[in-house]
Amino acid sequence: MTNTANRDDYQVAQSSSSLNGKERGNNYYGNRDFGEAAKAYQAGLDALQLEEHNNADDSSSLPIALRSNLAMTLLKMEEFQRAADECTRILETDPKNTKGM
């Protein structure tokens with residue numbers, strides 16, 4: 001197997017990890033387990049940071065979805081400053097995003 005194929009497999013696995021973090025977070029959020037939801041969304045964001053480090057395409061809406069879901073979860077946990085920080089990051093990336101406002 002070539003290095004390119006190995007790198008592509010790694011990037012697909014990382015992308016699956018970030019999407020999995022979103023799906024897991026959504027399940028926890030739906031069950032009102034906000035602490036676990038926040039951990040899952042953060043794990044998805046961490047996986048995306050690894051993708052960016054490995055030059056993956058970050059043009060998808062997944063980073064914003066993870067951050068906005070994390071912000072809503074933090075609001076439910078009454079962690080208002082952390083929620084505001086996540087919203088600020090959303091608006092730095094996409095100033096017209098209404099979920100970050």
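**Leu-74**

I looked up Leu-74 first. Leu-74 is buried, at 0% relative accessible area. Buried means under 20% relative accessible area, exposed over 50%, and partly exposed in between, with a 1.4 Å probe and protein chains only. The model is predicted: local features need pLDDT of at least 70, side-chain atom pairs count only at pLDDT 80 or more, and totals for chains, interfaces and linings use all residues. Residues are numbered from 1 along each chain as its sequence is written, and side-chain values use heavy atoms, without hydrogens and water.

I placed Leu-74 in helix H3, residues 62-76. Helices (H or I, at least four residues) and strands (E, at least two) are DSSP runs, numbered from the N terminus. I then listed contacts, meaning heavy atoms within 4.5 Å. Beyond its neighbours within four places in sequence, Leu-74 touches Glu-79, Arg-82, Ala-83 and Glu-86.

**Asn-97**

Next I went to the segment after helix H4 (80-93), where Asn-97 is found. Is Asn-97 buried or exposed? Asn-97 counts as buried because its relative accessibility is 12%. Its side chain reaches the backbone nitrogen of Lys-99 at 2.8 Å. Leaving aside neighbours within four places in sequence, Asn-97 contacts Ile-64, Ile-90 and Leu-91.

**Whole chain**

Last, I looked at the chain. I found four helices and zero strands, in the order α-α-α-α. Of its 101 residues, 32% count as buried. Among contacts with a separation of 6 or more, 52% join residues 24 or more positions apart.

Key. Polar contact = N/O pair within 3.5 Å; in protein donor to acceptor, adjacent residues only side chain to side chain.
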